[in-house]
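Dear colleague,

Please find below the sequence and structure that I am handing over to you. My notes on the model come after it.

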Amino acid sequence: MNAAPADQIRLLDLQALDSRLDQLAHRRRSLPEHAEIEKATADHTALRDLVVAAETQLGDTTREQTKAEQDVEQVRARAARNQQRLDSGAVTSPKDLENLQHEIGSLARRQSDLEDVVLDVMERMESAQTRVTELTARLEHATVVLEEAVARRDAAFAEIDADAAKVARDREAVAAVIPADLMKLYTRLREQQGGVGAARLHQRRCEGCHVEFSTADLNAVKAEPADAVVRCENCGRILVRTSDSGI
Ligand SMILES: [Zn+2]
């Protein structure tokens, strides 16, 4: 293949721009924020689940408390009615009086037991409330951590993407003037050779694989016409000769 020396030099410019685009893409992929966001998302999800569970428990104990208080109220009302009947003197039969007094005694014990239940439920409700408050605060903190990491990532993305857009424009301009066959070869070699399709011959070395040329190999390159597209014997990349190639 033949190509004007100027187009071969342009290939080095293109290579530099492509390498810059590769670096930017690599930077975009390997931002530390990716791992931070992953961890912050996992923390946030775990805490959100814990908050939901704690709120459910708080709801359950709140209902339990309402129920326990209603039970106490019922027993208290019934005891008051019985006491009223007793005090009214309407019950005169000794048997009925005994039954009534017996029931008043039972209700008093029942009320005491139920009041213990209320206290127990109240304690559990308070600790559930404390847990909801604590977990909600932690969830809010986790939300802030996540949002900050996302914001930092997006800022880095914006910066990288702006750089990449500028480099891509420069690349298009350079690529537009390089002959199609040379471009095709470069693109294929770049895919095969880890992103570098064209390398400069610099002071007897291929800058693609860094192998130093023997005098015989150097002479062989030297013997090629200026418009010949030379390939590195070692790595196969397009070898571009410049004024400081050492030939
Ligand atoms: Zn090489």
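The notes below go from the whole chain to single residues.

This is a predicted model, in which local features need pLDDT of at least 70 and side-chain atom pairs count only at pLDDT 80 or more, while totals for chains, interfaces and linings use all residues. Residues are numbered from 1 along each chain as its sequence is written, and side-chain values use heavy atoms, with hydrogens and water left out.

Overall form

The protein chain contains five helices and four strands; helices (H or I, at least four residues) and strands (E, at least two) are DSSP runs, numbered from the N terminus. In sequence order the pattern is α-α-α-α-β-β-α-β-β. The chain is more spread out than a compact globule, because its radius of gyration is 42 Å, well over the 18 Å that the globule rule gives for 247 residues. That radius is taken over C-alpha atoms, and the globule rule is 2.2 Å times the number of residues to the power 0.38. Along the principal axes, the C-alpha trace spans about 135 × 35 × 25 Å.

Of the 247 residues, 33% are buried; buried means under 20% relative accessible area, exposed over 50%, and partly exposed in between (1.4 Å probe, protein chains only). The protein chain exposes about 14,900 Å², of which carbon and sulfur atoms supply 52%. These areas come from the Shrake-Rupley method with a 1.4 Å probe, and for residues only the protein chains shown count as cover. Among contacts between residues at least 6 apart in sequence, 77% join residues at least 24 apart, a contact being heavy atoms within 4.5 Å.

As for charge, the mean positions of the 34 positive and 44 negative charges are 5 Å apart. Lys and Arg count as positive and Asp and Glu as negative, whereas His and the chain ends are not counted. Each charge is placed at NZ of Lys, CZ of Arg, CG of Asp or CD of Glu.

Isoleucine 160 belongs to helix H3 (residues 94-177) and is buried, at a relative accessible area of 1%. Apart from neighbours within four places in sequence, isoleucine 160 is in contact with Leu24, Arg27, Arg28 and Leu31. Isoleucine 104 is 56 residues from isoleucine 160 in sequence, and the two are 82 Å apart in space, C-alpha to C-alpha.

Arginine 27 also forms a salt bridge with glutamate 159 (3.9 Å, N to O). Arginine 27 lies in helix H1 (residues 5-29) and glutamate 159 in helix H3, so this pair ties together parts that are 132 residues apart in sequence. Both residues are partly exposed: arginine 27 has a relative accessible area of 35%, and glutamate 159 has 47% relative accessibility.

A salt bridge here is a side-chain nitrogen of Lys or Arg within 4 Å of a carboxyl oxygen of Asp or Glu, and by this rule the count is 25. Two of them lie within helix H3. In one, the closest N and O atoms of glutamate 134 and arginine 138 are 3.8 Å apart; these residues are four apart in the helix and therefore separated by about one helical turn. Glutamate 134 is partly exposed at 40%, as is arginine 138 at 43%.

In the other, the side chains of aspartate 170 and lysine 166 meet at 3.5 Å, N to O. They too are four residues apart in helix H3, about one turn. Aspartate 170 is partly exposed, with 34% relative accessibility, and lysine 166 is partly exposed with 48%. Salt bridges that share partners also join Asp18, Asp22, Arg171, Glu172 and Arg190 into one network.

Backbone angles in two loops

Most residues other than glycine have a negative phi. Arginine 204, which is not a glycine, has a positive phi of about 70 degrees. Arginine 204 sits in the loop between strand S1 (198-202) and strand S2 (205-206) and is partly exposed, at 28% relative accessibility.

Histidine 210 likewise has a positive phi, near 65 degrees. Its place is the loop between S2 and helix H5 (215-223), and histidine 210 counts as exposed, at 52% relative accessibility.

With kind regards
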